[in-house]
Every structure is written in C-alpha cells, then in structure tokens.
Amino acid sequence: MGASKKRLTEGSVLSDDRPHVKTTPITEDRTYKIHCGDCLEIMRSMPDNCIDLIVTSPPYADARTHTYGGISPDDYVDWFKERAEEMYRILKPTGSFVLNIKEKAVEGERHTYVLDLILSMKREVGFRWVEEYIWHKTTAAPGKWKYRFRDAWERIIHFSKTSSVKMNQDAVKVPIGNWTEARLKNMSKNDRERRNSGTRSGIGRKISAWEGKKRVYPSNVLHKSPVAHNTGHSAPFPDWLPDFFIKLFTDEGDIVLDPFSGSGTTFRVAAQLGRTPIGIEINPEYIKGNSLLAL
Ligand SMILES: C[S@@+](CC[C@H](N)C(=O)[O-])C[C@H]1O[C@@H](n2cnc3c(N)ncnc32)[C@H](O)[C@@H]1O
C-alpha cells in the first residue's frame with residue numbers, strides 16, 4: 001500500500017474536536033478493507049460516531065439494471081432512507097456525507113426521487129443539507145432527446161450531522177483563471193470597496209480581494225471531466241471526485257467510507273492520500289477490480 005497507514009488499536013479513541021461528544025473506535029480489522037455485502041447490514045455492525053467522511057455514489061435508481069441492478073424510482077427513498085439512518089449513526093459529529101446522484105428521466109420527465117430524498121434526509125433522518133455542488137461534466141457524451149438536451153451535470157450533495165463540520169478549505173484552492181487578469185487590470189474605484197447590492201439583498205462583493213492571488217477558493221460548480229480509470233465497472237468515479245472531497249473534509253489518518261464502493265475508487269484515492277479507507281460493495285466481482293491491486 002502506498003499510503004501511510006495510521007494504526008488504530010482496539011480501544012483507541014479517534015480524535016474529535018468536540019470532546020463532549022463521544023466518538024467510538026472502529027477496530028482495525030474493519031479498515032483497509034472492502035467488505036462484501038449489503039451496506040445496510042455491514043454498517044449496522046459498526047459502532048456509533050466512528051466515520052469521518054462518507055463519499056459515495058449509490059445506484060441511480062434502476063438506471064443500470066443491466067450491469068448492477070437497481071431500485072425502482074418509486075421505492076428509492078424508502079430503500080435509501082434505512083441506509084441513510086445507519087450512515088447518520090456511524091458518522092462522527094464533525095463528519096460529512098457527500099452524495100453524488102442524479103435523477104433519471106421517466107416517461108419524458110425527471111423523476112422527483114432525488115428531491116424527495118433530500119427532504120427525507122433532512123426531515124426524517126436528521127442530516128443538515130449543507131451545500132449542493134454541481135458537477136458540470138466538461139466532456140459529456142453527445143446525445144439529444146425529444147424534450148431534453150444531453151445531460152451534462154450531476155448533483156454532489158454535502159450533508160452533515162452537526163454545524164461543527166471539519167473543513168479544510170485551503171486544501172482545495174484552484175488556479176485563479178485567465179479571465180480575472182483582464183478584469184483586475186481594469187478595476188474602477190468601486191471595485192476596491194465592498195459594494196453592497198443596490199437591491200438591499202445583503203449581497204456584497206469586492207473585486208480587488210482577488211488582486212495578487214494565484215489560487216482562490218473554488219465555487220460550488222465543479223467543471224470536471226467524467227473520465228475515470230477503466231476498471232470494468234460501468235459507473236466508476238473519476239479520481240478527482242473523491243480526491244477533492246477527501247482533501248476538503250478530512251485530515252491524514254481519518255476514516256473514509258464508501259458504502260457503494262463499486263470498483264473501489266474512493267478506497268484507492270483515500271489510501272493514496274494517507275486516509276484510512278473502508279469500502280462496502282454488494283457485488284464480489286467488483287471487489288476483485290484493478291483499483292485494489294493498484295495500491
Ligand atoms: C454507482 S456504482 C459506484 C461506483 C463507484 N463510485 C466506483 O468508483 O466504482 C454503485 C455500486 O453500488 C453497488 N451496490 C448496490 N446496492 C448495494 C448495497 N445494498 N450495498 C452495497 N453496494 C451496493 C453496486 O453493485 C455498484 O457497484
């Protein structure tokens with residue numbers, strides 16, 4: 001394994017910056033492993049408050065029945081909710097849950113199961129709906145449907161358990177971009193002061209804040225390619241996706257779980273970043289995939 005493996009001995013307590021909240025250790029034999037089975041059962045066997053980050057992409061309802069099965073859109077929220085309750089239980093109070101999903105179209109319109117799921121996660125499971133990132137797929141495949149154009153974006157939803165979330169914003173800064181050069185060269189007096197919107201919306205901006213900066217915080221629209229390692233899986237993550245959120249929400253040694261791990265991209269990237277990975281995948285064929293061998 002290329003990663004520096006942080007040893008967790010039985011009985012050791014993982015750090016948490018909210019000392020009044022009891023976090024629970026997870027035994028070492030659970031980590032650095034892709035467990036084969038239904039994530040519902042495997043998460044049920046894990047202690048409370050033991051995971052720093054969950055990054056995952058579950059089946060998009062029954063969009064890929066021909067490869068790894070699926071769940072009918074009408075049953076999706078109930079199916080996901082019982083798994084989400086386990087995710088909530090095992091996530092540390094400072095932890096984050098990053099969910100990549102997109103609703104499929106059924107009979108010529110978008111199904112509402114993702115919208116229903118967000119509401120259920122918040123109102124029934126208890127997660128906070130912190131943010132929604134849009135993944136703009138810069139190289140989306142060609143296509144056109146009767147009432148829609150090609151699908152070039154997916155949701156990446158950030159949920160948390162509490163308002164004290166671990167977040168390393170400096171770890172994911174991006175190059176400032178060429179467009180700013182011309183804009184910053186031609187700044188008016190107004191650009192040098194914080195200007196509040198004339199509509200009294202409370203929104204303000206100060207263009208000169210970016211002067212002299214080479215790297216800045218990204219926006220919540222991630223312009224990224226879907227290109228992924230060829231692992232034999234029909235829907236693998238591109239490496240940048242777990243990489244971005246693992247750097248953003250964890251420190252070295254922290255525990256990263258992907259409960260629908262497929263070919264193990266999250267697992268591999270987490271290990272490469274020196275985090276402690278755990279995967280769960282129901283299909284044993286995917287566990288034999290290349291990404292584990294590549295560690
Ligand atoms: C969208 S794919 C994930 C792909 C993954 N992000 C990767 O990089 O390869 C969803 C995966 O969830 C698995 N799966 C479906 N139901 C599951 C369950 N109940 N428990 C665990 N895994 C499940 C499927 O076999 C499939 O590999």
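In what sense do strand E6 and strand E7 pair, and over how many bridges? They pair in the antiparallel sense, over eight bridges. E6 covers residues 128-137 and E7 covers residues 153-160. One example: Glu-131 has His-158 in E7 as its bridge partner.

Some ground rules. This is a predicted model, where local features need pLDDT of at least 70, side-chain atom pairs count only at pLDDT 80 or more, and totals for chains, interfaces and linings use all residues. Residue numbers start from 1 along each chain as its sequence is written. Strands (E, at least two residues) and helices (H or I, at least four) are DSSP runs, numbered from the N terminus. Two strands pair if DSSP finds at least two bridges between them.

Now the sheet. It is open, with eight strands in the order E1-E14-E13-E2-E3-E7-E6-E12, and the pairing is mixed. E1 (33-36) and E12 (221-224) stand at the edges. Each has a single partner strand, so one side of each lacks a neighbour in the sheet. From one strand to the next, the twist averages 20 degrees. Angles here run from 0 to 180 degrees between N-to-C directions, and axes are lines fitted to C-alpha atoms, for helices over the stretch in contact.

Helix H7, residues 265-272, packs on this sheet. It touches E1, E2 (51-56), E13 (255-258) and E14 (276-281). Contact means C-beta atoms, placed from the backbone, within 7 Å. The direction of H7 makes about 175 degrees with that of E14.

H7 also packs with helix H6, residues 240-249. Their angle is about 50 degrees, and their axes are 9 Å apart. On the H6 side, the contact is made by Pro-242, Asp-243 and Ile-246. On the H7 side, Thr-265, Thr-266, Val-269 and Ala-270 make it.

Next pair: H3 (residues 76-90) and H4 (residues 113-125). Their axes come within 10 Å and cross at roughly 40 degrees. That makes H3 oblique to H4. Among the contact residues are Phe-80 and Lys-81 of H3, and Leu-117 and Met-121 of H4. The contact divides into nine nonpolar, one polar and four charged residues. Nonpolar means Ala, Val, Leu, Ile, Met, Phe, Trp, Tyr, Cys and Pro; charged means Asp, Glu, Lys and Arg; the others, Gly among them, are polar.

Methods: Two residues are in contact if their C-beta atoms, placed from the backbone, lie within 7 Å. Angles under 35 degrees count as roughly parallel, over 145 as roughly antiparallel, 65 to 115 as roughly perpendicular and the rest as oblique.
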